[in-house]
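Opening the notebook on a new structure.

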Amino acid sequence: FTDFPSAIAALNFAGVCGPTVFDVRTGTYFDQFDLGQVSGMNATNTVTFKSEAGHRDSVIIDYGAAGSTNNYVVQLNGADYFRFESMTIRNSGATYGRVFDILGGSDHNVVYDCEINTQANSSTSTFICPIYGGSGSNDDFNRFEGNSIIGGSYGAYIYGASTSSRQEGNEFINNEFVDNYYMGLRLYYTKNVTVTGNRVYGQSTYNFRYGIYAYYTDGASVFSHNSVESNASSFFYYGMYIFYADGASNARGLIANNSVTVGNATTTGTYYGLYFYQSGFYDIYNNSVSVVNGGTSGRAFYLYNGGANNVKNNSWTNFGTGYASYIFGTYSVNEMDYNNYYTNGSQIGYYGNANTATFAAWQAASGHDANGINVNPGYYSDYDLHVCSDSLNEKGTPLASITDDRDMQARNASTPDIG
């Protein structure tokens with residue numbers, strides 16, 4: 001086949017009777033194509049498009065969308081069990097820049113080791129985002145792993161139908177979200193998602209930028225080993241924003257081993273590291289979250305109402321004048337201990353309905369953190385939250401669900417570190 005459309009036409013005509021692989025020769029293909037149901041495809045009989053040379057730079061699929069009706073490079077419409085591997089797929093359109101457009105109940109698809117690229121821009125429109133699953137249809141159990149997701153307003157925009165009909169089981173694993181203007185990853189009306197090992201960073205001039213945003217994300221969802229990184233010239237206003245997300249007593253959510261920096265040394269706004277709002281039945285463990293600088297209302301950890309949450313082994317730091325931790329609602333927390341709190345401001349925290357100026361006051365007001373500490377962790381830099389002292393060393397408590405750290409190194413089984 002000389003191009004993707006002719007290969008797909010043959011696929012649609014003949015169907016498959018076993019696992020099928022298209023090895024794509026090195027080159028640039030100025031193609032646009034859509035995929036739907038194909039006869040014979042199932043969990044065993046998958047269809048894979050991958051670079052013959054085995055690396056993403058060797059195959060480039062490039063299409064410049066010119067309008068809303070053809071705003072995609074690859075459209076998955078009711079398509080199941082497709083796989084894309086080790087290619088660069090980009091939309092070179094200036095205003096319409098979706099690369100993957102996912103709709104119609106497209107399930108169990110995989111995009112692995114690809115560069116998914118659209119133009120840098122200064123728009124918050126969903127017309128220009130590398131991964132778009134916002135049709136209101138439920139496209140479930142799709143996996144994006146090991147990709148570079150570059151440019152656009154959102155890196156990935158995933159939007160289910162409603163609170164009673166959510167996208168389920170989608171996975172974002174070990175991707176890098178780079179130079180996304182407004183948000184790295186946005187999830188809305190989803191459940192049982194896995195967001196692990198992702199790095200969100202790069203440049204943007206937008207002042208209210210989000211790293212990871214999850215709204216109405218229910219079930220045993222996992223947010224772990226992610227890094228949201230401000231830098232000296234570009235910063236996040238919200239690091240991780242989790243809103244109306246509920247696990248259950250037998251299917252708890254997990255936020256663990258994340259590293260988050262918001263603000264930068266020259267800014268003084270109100271920044272939020274982990275913003276956790278009206279959410280419950282989550283375990284919040286071993287995160288390192290830091291406000292680099294900011295005003296008196298900034299918060300490394302902000303928890304508003306919700307309930308039955310466990311908060312352990314975290315390091316909440318604010319190197320501006322705001323709070324290390326701000327918890328509104330006395331029923332928000334079930335267990336909270338072995339956390340570190342540090343601020344350069346006059347109030348280390350807020351609990352219930354009052355400020356707490358000192359760590360002792362925080363302990364008294366909350367009735368928690370009997371084994372917590374109040375130290376400057378001594379991070380490598382404003383933006384690198386590894387520590388260069390032993391301030392957090394062996395100060396945590398063992399947790400059955402947390403056996404490694406954010407670098408995937410094994411934790412001490414009896415005296416783990418905080419953060």
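This is a predicted model: local features need pLDDT of at least 70, side-chain atom pairs count only at pLDDT 80 or more; totals for chains, interfaces and linings use all residues.

**Entry 1, charges over rings.** I looked up Arg-299 and found its charged end over the ring of Tyr-326, 3.8 Å from the ring centre. I then checked Arg-199, whose charged end sits over the ring of Tyr-201, 3.8 Å from the centre of that ring.

I picked out Tyr-213 and Tyr-241, a stacked pair with 5.0 Å centre to centre and 10° between the planes. Tyr-213 belongs to strand β22 (residues 210-218) and Tyr-241 to strand β25 (residues 238-243), so I have a pair linking distant parts of the chain, 28 residues apart. Are these two buried or exposed? Tyr-213 and Tyr-241 are both buried.

Stacked needs under 30 degrees and edge-to-face over 60. I also looked up the accessibility of Tyr-302: the value is 8%, so Tyr-302 goes down as buried.

How many helices and strands does the protein have? I have two helices and 38 strands written down. The C-alpha trace spans about 70 × 45 × 35 Å along the principal axes. For 419 residues, a compact globule would have a radius of gyration near 22 Å, and the protein's 22 Å agrees with that.

Of the 419 residues, 59% are buried. I got about 15,400 Å² for the accessible surface, with 46% of it belonging to carbon and sulfur atoms. Among contacts with a separation of 6 or more, 77% come from residues 24 or more positions apart.

Where is Asn-309? I found Asn-309 in strand β32, which covers residues 309-312. Its relative accessibility is 0%, so Asn-309 counts as buried. I listed what Asn-309 touches, leaving out residues up to four places away in sequence. The list includes Phe-276, Phe-281 and Tyr-282, along with Arg-252 and Glu-335. Also among the residues Asn-309 touches are Ser-279, Gly-280, Leu-303, Ser-332, Val-333 and Asn-334.

Definitions and conventions: Residues are numbered from 1 along each chain as its sequence is written. Side-chain values use heavy atoms; hydrogens and water are left out. Rings of Phe, Tyr and Trp (its six-membered ring) pair if their centres lie within 6.5 Å; planes under 30 degrees apart count as stacked, over 60 as edge-to-face and the rest as tilted. Helices (H or I, at least four residues) and strands (E, at least two) are DSSP runs, numbered from the N terminus. Buried means under 20% relative accessible area, exposed over 50%, partly exposed in between (1.4 Å probe, protein chains only). A charge sits over a ring if NZ of Lys or CZ of Arg is within 6 Å of the ring centre and within 35 degrees of the ring normal. The radius of gyration is taken over C-alpha atoms; the globule rule is 2.2 Å times the number of residues to the power 0.38. Contact means heavy atoms within 4.5 Å. Accessible areas come from the Shrake-Rupley method with a 1.4 Å probe; for residues, only the protein chains shown count as cover.
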